[in-house]
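Student: I have a new structure to read, and I would like to go through it with you. Can we take it step by step?

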Amino acid sequence: METTAQTSISLRDPAQVMRLSRLGSLHQCRLSFMRILTRRMARENWSFSRPKFDIDENGVGVAVFSATGPARTYSLIAFAHDLPPEMRSDRVIATAWDATFALFDGVPTDEDIERLSKNVPYQEAGRVSEREISVSRANRSVRLWEHVVSALSEGRQPDATQLDAVGYLMRTTAVYGSGKLGAADREMIAERPEFQVPFQAEMLSVFLTRWFVRDLVQHMADLRAKAAGRAAAQLDPELARSLGIGNSTGLGMAPFLLNHPVLFNNWISAREDAIRIVRSLDSASEDEIALFLRLLQRSKRNVALWQSEHEIQVRKLAGLRNDLEQIDAYLSTPQVLAGPQPWDQMHRWAEEALSLEGQEWLASMMLEPYGSLIDDLSDGMAADNTPTFRIAGAMTIEELRGLLTRIYEWAIGTDWQKRENRARAWYVSEEKLEPRLGERFEEPVEEYEQPLAPGRDAAALFNALAHWQGEIRVAEFLLRHPEYRHTVRRAQIAGRAPYAEIRDNTISHDVLPIDMLRCKLAFFGATQFDPRSDRWVRICMYGNAPYPQELSQENAEFWVYPRLEEGALA
Amino acid sequence: MNHSLNEIEAMCKRAARGAGLSWGLAEEAAKGTRWLSSFGFPGAELLAALLELNDRLPPADFAPSALTGVWSAPSGRMSPLIAGAALSDCAVQLMDAGRIEMERVCVPLLLVPFAAGAALRLETPVAVEWAGVYLATDGRQLCARGAPDAYTAMLADKVAFSTPAEMTDRREPVLRGSAPAEAWDRLGVLAHRTYAPATEASRLRGAGAGLSDND
C-alpha cells in the first residue's frame, strides 16, 4: 500500500522565480489587483452613479462618475478633449490627450471641477491637491473609435471581429498616484480598508474610466445620428463588455520594481505562497476539478484572442498555444487529477513539459478553485518600507559576504568587464523626466546613470569587501565607503525578503525591459500583452468585466475569462 | 507651496545626488527631509542650504574620523547626513553606551530623522540635544522643546544622542508638507544635474517608441 504521508511542498526558490524571463511570462491570477477590487466592491455592494455628463458635439466637456462603498464615495472626474491627430502620442513626453482624469476623494463641487479643469488637462504641467488620489489620461484607438461611432450612428452594431482585434476604445498612457503632481500620498489612504491592497485607487480609476468611455462613444454616436436625422443604435451590452481599457506602458514602469523591493517581494511572495498552498493539497474535489477545467477552457479563449506582431511575443505565443495542446493531452489522461497531491503532480509535469509562458499560465489557473484558501493573502501585498530602510550596521563583513553570496551568486560570477554585460545604462531625461535606457558605450549617459543595476553593484561591493576583516561591522565599512550604502541596504532587504531582488542582469546588451513591465502589469490583472518594442507594451484591462452597474457577486470573480459560445462547454 | 511628502522625498533625493552624494546617502537625505517635513519643520530649506554648502566636495572631509569617542570631522563641519547615517548604523552601540556625542555638526536638525531610525530599530526613544534644543522621538512621534531659531541652527558645537529618552509631549506627523518656492527652486537646480540633456537620438531610442500611436 502506498504511503499517504504528505510530503511538504516548499516555496519555489527565488533563484528560479526571480529571473526576468519568468517574470516576463507571468499572468493575472486571483491575487491580481483588478480582481481584488471587483471582488471587494461586489461583496460590499458598492453603488455607482453618474452625477454629471456635460459633453458637446465636438466631444469636449466634463463628466463625473461616482463609486460609493460602505464608508466613502470616490469620483472620477473626466475631461474630454478634441485632440488633433498629430498631437496623439502614448509617450510621457506628450502634452495633450483625448481625455484626462482625476480620481477625487468624495463628490466634487462645481468649484472642485473648475479648479481641476485648469490643471488636470495639462497633467504633469498642472497641480492637484490632497483631495485627488490619482491623475491619468487616455487616448482613443483611432480606428476602432471611428468604426464604433459610425456603425452605431448608422443604426447598426460594430463588427465584433474588429472589436476583438483591438480590445478597447481608449488606452490610458499614465495613471499617477501616490502623491504625484501634488495628489494625496499613499499614506493618506493606505489605512482605508478599500485601499489597503496596492493600486486599488488606480484600478478603481480605470474601472470608472471604462464606463466613461462606453458612455462617451454612445453619446458621440447619438449626436452624429441626430445631426443626420436618425436614431443611433445602442451598443450591445455583450459587445460593450468585450471591450476593456487599453494601456500603453513604457520604461517608466520598469524601475518601479527595482525601486520598491519590499513591495515587489510582497506581491511575488503572495502568489508563490498561494501556489505552495494549492500544491500542498492532498486531493481535489470533483467540484474543484470541474471549476478548474471550465475556467481553463474559457481562459483558452483569451489566448486565442491574444495578438501581437512583436517577434518575441509571437514566439512566446506559439509556445503557449503548443503548451495548451500539451495541457489538454495531460488532462485527458483518465483520473489524472484524482490522485494524491494532484496540483503538485501537474505543476511538476508542467515544469518539465511546458514553456515559461505555459508554466505560469497553468500556475495561475490552478489557484482559481481555491479562493477560500488564498484570497486573504492579498492582505500581505502592501508594504511599509520604514522598518527595512535602516541599515543594520552591527552586521559583520563576514555576514554581509554570506548574504551577497547567497542572493547575488549569479552576479558575482558575471564578468562585468565585458561590454555586453554592462552595455546599457538607465537614466532620466530632462524632457518631462522620462526614464530611458541608453547605450553606455555609444551615448553620453553614464554620468546620469540611475542605480538600477543591482547585480553589477552587488558584485562590486563583494569585491570591495575582499580585503576587509570578517569581524568588522558594516557601519565601519560604510563610513569609509558611502558609495556602497545603497547596495548594502538592498542586500539586507533581500536577505529578509526573499523575492525582493530580480536575479538577472538589468543592463546587459540583451535585457528586455518589457519583461519587467509585463510582470507588474500581470499583477494589475492585465491581459493581451502586446509589446511594441523591447521597451514598450500595450495591454488590456478589465476586458470582459461587468460595467459598474452590472457588478454582482455572481460576475465579480471570473469575468476575466470570456464566456464560451452557446453550446460549447461553459 | 503645498507638496505631497512623496514629492518632497523625490525632489530631495535627486537634489542630494546632484550635489554629489552617493545614492545611498541621497536616499537617507530624502527620507530624512520627508520626515522633518511631516512634523512641520523646514526640511527642504535646510537641506538646500547644506547641499549648497558642501556641493560636490569629498564626503570624507565631512564624515566622522572614527566611530569612537566624540565624533568629529577633519573639516570641522561635520555633515549631518553622513554622521546621521553612521549614527543610525551604530544604533546598537548607542544602546550599549547610552550616549554618543558629536562636535561641530552642520544643520543639526537634519540629524534628527536618523535618531528616529535608531529609535525604531531599538524600540526605545532616542533624544538629540544641542544648544537650546531637546528633541526626543520613538520614530513615530516627536517631543520638541526649544526656541524656533535654535532648531534651525546652521552649526552646533556639541550634539548629544542618548537613549532611553523621555518624551514629555508627543507631536503626531501630518501627511502633507510645504516648501517655499525659493527653496524648491534651489533643490531643483541641483536635481537638474541628474537629468540627461534631451537629444533627438535619445528621444527616439531611449524610450523605444517610434511607432505611430494614431492607430
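Tutor: Start with a definition: a salt bridge is a side-chain nitrogen of Lys or Arg within 4 Å of a carboxyl oxygen of Asp or Glu. This is a predicted model, where local features need pLDDT of at least 70, side-chain atom pairs count only at pLDDT 80 or more, and totals for chains, interfaces and linings use all residues. Residues are numbered from 1 along each chain as written, chains are lettered from A and ligands numbered from 1 in the order written, and side-chain values use heavy atoms, without hydrogens and water.

Student: How many salt bridges does the rule find across the interface of chain B and chain A?
Tutor: Side chains of opposite charge can pair when their charged atoms come close. One pair here is B:Glu28 with A:Arg390, at 3.0 Å from N to O. Over all chains the structure holds 70 salt bridges. Across the interface of chain B and chain A, the rule finds nine.

Student: What area is buried between chain B and chain A?
Tutor: Buried area is the accessible area (1.4 Å probe) that two parts lose on being put together, summed over both. Contact means heavy atoms within 4.5 Å. By that rule, 55 residues of chain B and 65 residues of chain A take part. Carbon and sulfur atoms give 49% of the buried area, which is about 5000 Å².

Student: Where does the other partner of A:Glu130 lie in chain B?
Tutor: The side chain of A:Glu130 meets that of B:Arg176 in a salt bridge of 3.5 Å, N to O. The pair crosses between chains, and A:Glu130 sits in the loop between helix H4 (110-117) and strand E5 (132-140) of chain A. Helices (H or I, at least four residues) and strands (E, at least two) are DSSP runs, numbered from the N terminus. B:Arg176 lies in the loop between strand E6 (155-162) and strand E7 (177-178) of chain B.

Student: What is the strand order in the open sheet of three strands?
Tutor: Two strands pair if DSSP finds at least two bridges between them. E8(A), residues 424-429, runs parallel to E8(B) and is joined to it by two bridges. E8(A) pairs with E9(A) in the antiparallel sense, over five bridges. The pairing is mixed, and the order is E9(A)-E8(A)-E8(B).

Student: Which residue stands opposite A:Val428 in E8(B)?
Tutor: E8(B) is an edge strand, as is E9 (435-439) of chain A, and each pairs on one side only. On the E9(A) side, A:Ala425 has A:Gly438 as its bridge partner. In E8(B), A:Val428 stands opposite B:Tyr195.

Student: What distance separates the centres of domain 2 and domain 3 of chain A?
Tutor: Chain A is divided into domain 1 (14-25 + 258-380), domain 2 (44-250) and domain 3 (386-496). These bounds come from an automatic or database domain assignment. Taken over C-alpha atoms, the centres of domain 2 and domain 3 of chain A are separated by 41 Å.

Student: Which residues of domain 2 of chain A lose the most area to domain 3 of chain A?
Tutor: The two domains bury about 440 Å² between them, 52% of it on carbon and sulfur atoms. The rule finds two salt bridges across this interface. One joins A:Arg91 and A:Glu434, at 2.8 Å from N to O. Together giving 82% of what the domain 2 side buries, the residues are A:Arg91, A:Val92 and A:Ile93.
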